[in-house]
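Have the structure open as you read.

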Amino acid sequence: MQDITKKQAEEDLHTIKKIMQSCALQQRTEGIYFKIWGLLIPIATTINLFMIYLYKWYFLAAPLWALTMISGIIITFFIIQKRKRGNSRSMGSKLQKAIWISCLVSIALLYSLGIFSRTLTLNATMMGLSILMGNSVFISGTLSGSKLLKIVACGWWITGIVVSFLPGAAAAATIGIITIFFNFLPGVI
């Protein structure tokens, strides 16, 4: 009976190791997504801040962010379609995609509900976004064995705490700046 248990444990460990290797490979080859969002968000944030200071264009903030999200999703989808390769069907690849799709949908819902229902302040929305990013980056880093991503996740969580105490525009600007450091640069690395 113990031989069966030991053999099953060895097979389970082999499966877990295979999934982690697959996640690590997926993470290395898919850093482009960190770069895409790490550039789109700061650019949109900068445009949004200009619109805030030019009071007459403030009403364009929601369409700007909708356009940013749609553009990011389209670019991401285009790259996914173009890059479909052997690793895209691995368990690691599926796990990584599930993490980031759920994160993207959650952030889009949080941001949309925050803006349109007016139930969340902008800094509360930015706090939630930061925490969701921290969770997704941490899980992704754990699955791929990346210590850098785990550290980046801590940065996102700390940012969530900080922006919860900032005024709305400052919270959004902070997220825009932090995205360069916690998305774009890890994507480059």
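## Cysteines, core and a cavity

Let's start with C103, which counts as buried because its relative accessibility is 4%, and buried means under 20%. Keep in mind that this is a predicted model. C154 is another story: with a relative accessible area of 37%, C154 is partly exposed.

| Cysteine | Relative accessible area | Class |
|---|---|---|
| C103 | 4% | buried |
| C154 | 37% | partly exposed |

Now step back to the fold. What does the secondary structure of the protein chain come to? It's 7 helices and 0 strands, so the pattern along the sequence reads α-α-α-α-α-α-α by the helix and strand assignment used here. The protein chain has 189 residues, and 38% of them count as buried. If you take contacts between residues at least 6 apart in sequence, 71% of them join residues at least 24 apart.

Next, the core. The largest nonpolar core is made up of 30 residues, and M126, M133, V137 and W156 are the ones with the most contacts inside it. At least two residues of this core come from each of α2, α3 (61–82), α4 (91–116), α5 (122–144), α6 (147–164) and α7. Helix α2 supplies the largest share, 8 residues.

Leaving out residues up to four places away in sequence, V137 touches F34, W100, L149, V152, A153 and W156. One of those partners, W156, is also among the residues with the most contacts inside the largest nonpolar core.

Finally, the inner space. How many cavities of 30 Å³ or more turn up? The count is 1, and the largest cavity holds about 30 Å³ of space. Its lining is made by T45, N48, L49, I52, L122, A169 and A172. Two or more of the lining residues come from each of α2 (31–53) and α7 (168–188). Here α2 gives the most, with 4 residues. Sorted by class, the lining of the largest cavity has 5 nonpolar and 2 polar residues, with no charged ones.

Definitions and conventions:
Residues numbered from 1 in each chain as written. Predicted model: local features only at pLDDT ≥ 70, side-chain atom pairs only at ≥ 80, totals over all residues. Heavy atoms only, no water. 1 Å grid on protein atoms, 1.4 Å probe; cavity = no way out; pocket = protein on both sides within 12 Å on 5 of 7 lines; lining within 4 Å. Points joined across faces, edges and corners; volume = space filled by probe spheres on them. Nonpolar A, V, L, I, M, F, W, Y, C, P; charged D, E, K, R; others polar. Buried < 20%, exposed > 50% of the residue type's maximum accessible area, 1.4 Å probe, protein only. Core = buried A, V, L, I, M, F, W, Y, C linked by side-chain atoms within 4.5 Å. Contact = heavy atoms within 4.5 Å.
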